[in-house]
Amino acid sequence: MIIAEQKPFEEIKGLVGSAQKVLVVGCGTCVTVCFAGGSREAAILAASLRMASKLDGDPKDVTDVTVQRQCEWEYLDTIAEQVNEADLVLSLGCGIGVQAIAEHFPKTWVVPGLNTSFLGLPAEQGVWVERCAACGDCILGLTAGVCPIARCSKSLLNGPCGGSQDGHCEVNEDIPCVWQLIYDRLKSLDKLEMLSEIRPPKNWRTSRDGGPRKIVRPDLRLYEEE
């Protein structure tokens, strides 16, 4: 899932600026799970902004609403009236949600309340870790289901760099060396021979090089592209 964290409150206040009627929009998916932008966080932030603006002598009308997903038009349509009445929308969605609102409501000023961080999972209560770099060319089938692109500090493809110590990364000893994890898992599965395969340099064209990426599934489209 997408992991995000809320921006510092003072930064959010600066983004809101002089807007008087503010709509805080939460999202019911990833950012709810990581406790950054769900209905609870949207309500708390709206209350905090109302209180702060009163203390500053410039009380604002701040309300909140949460949609199932900010990244789909059909859910944004349900808040169209509230969005149109607001001077400013403060999105607690990921960067995709912010841009979806801006694209769907072109006359509305939208600002982000979150910093979108990475694709990851909860390792334990209150701790989220990165697991995918969305590189567009998944090699997990070759690395025992452990990603060296996202989890190796140097994104190495053919084993550790030589700087790891006792199974930990030389860049940060709190990070396990991903190639140690790959080795251990391949050994446990009796597939160590896979490490003898030398992988060529990665083709990064499927990653961020070349601008925004796009996937088209003709079998799912409702009409043919002209």
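User: How far is the charged end of Lys202 from the centre of the ring of Trp204?

Analyst: This is a predicted model, in which local features need pLDDT of at least 70, side-chain atom pairs count only at pLDDT 80 or more, and totals for chains, interfaces and linings use all residues. Residues are numbered from 1 along each chain as its sequence is written, and side-chain values use heavy atoms, with hydrogens and water left out. A charge sits over a ring if NZ of Lys or CZ of Arg is within 6 Å of the ring centre and within 35 degrees of the ring normal. The charged end of Lys202 sits over the ring of Trp204, and its distance from the ring centre is 5.3 Å.

User: Is Lys202 buried or exposed?

Analyst: The classes are buried (under 20% relative accessible area), exposed (over 50%) and partly exposed in between, with a 1.4 Å probe and protein chains only. The relative accessible area of Lys202 is 13%. Lys202 is therefore buried.

User: Which residue forms a salt bridge with Lys202, the closest N and O atoms being 3.8 Å apart?

Analyst: A salt bridge is a side-chain nitrogen of Lys or Arg within 4 Å of a carboxyl oxygen of Asp or Glu. Lys202 has such a contact with Asp137 at 3.8 Å. Lys202 follows helix H8 (178–188) and Asp137 is in the loop between strand S7 (127–132) and helix H7 (148–151), so the pair ties together parts 65 residues apart in sequence.

User: How many residues apart in sequence are the parts tied together by Lys21 and Asp61?

Analyst: Lys21 and Asp61 form a salt bridge with their closest N and O atoms 2.9 Å apart. Lys21 belongs to strand S2 (residues 21–27) and Asp61 to strand S3 (residues 61–67), so the separation of the parts in sequence is 40 residues.

User: Which residues are linked with Glu10 in a network of salt bridges?

Analyst: Glu10 pairs with Lys13, the closest N and O atoms being 4.0 Å apart. Because these two are 3 residues apart in helix H1 (residues 9–16), about one helical turn separates them. Glu10 is exposed at 56% relative accessibility, while Lys13 is partly exposed at 23%. In the network, Glu10 is linked with Lys13 and Asp56.

User: Where does Ala144 lie?

Analyst: Most residues other than glycine have a negative phi. Ala144 is not a glycine, yet its phi is positive, about 60°. Ala144 is buried, with a relative accessible area of 13%. The location of Ala144 is the loop between S7 and H7.

User: Is Asp166 buried or exposed?

Analyst: Asp166 also has a positive phi, about 50°, without being a glycine. Asp166 is in the loop between H7 and H8. With a relative accessibility of 77%, Asp166 counts as exposed.

Key: Helix = DSSP H or I, 4+ residues; strand = E, 2+ residues; numbered from the N terminus.
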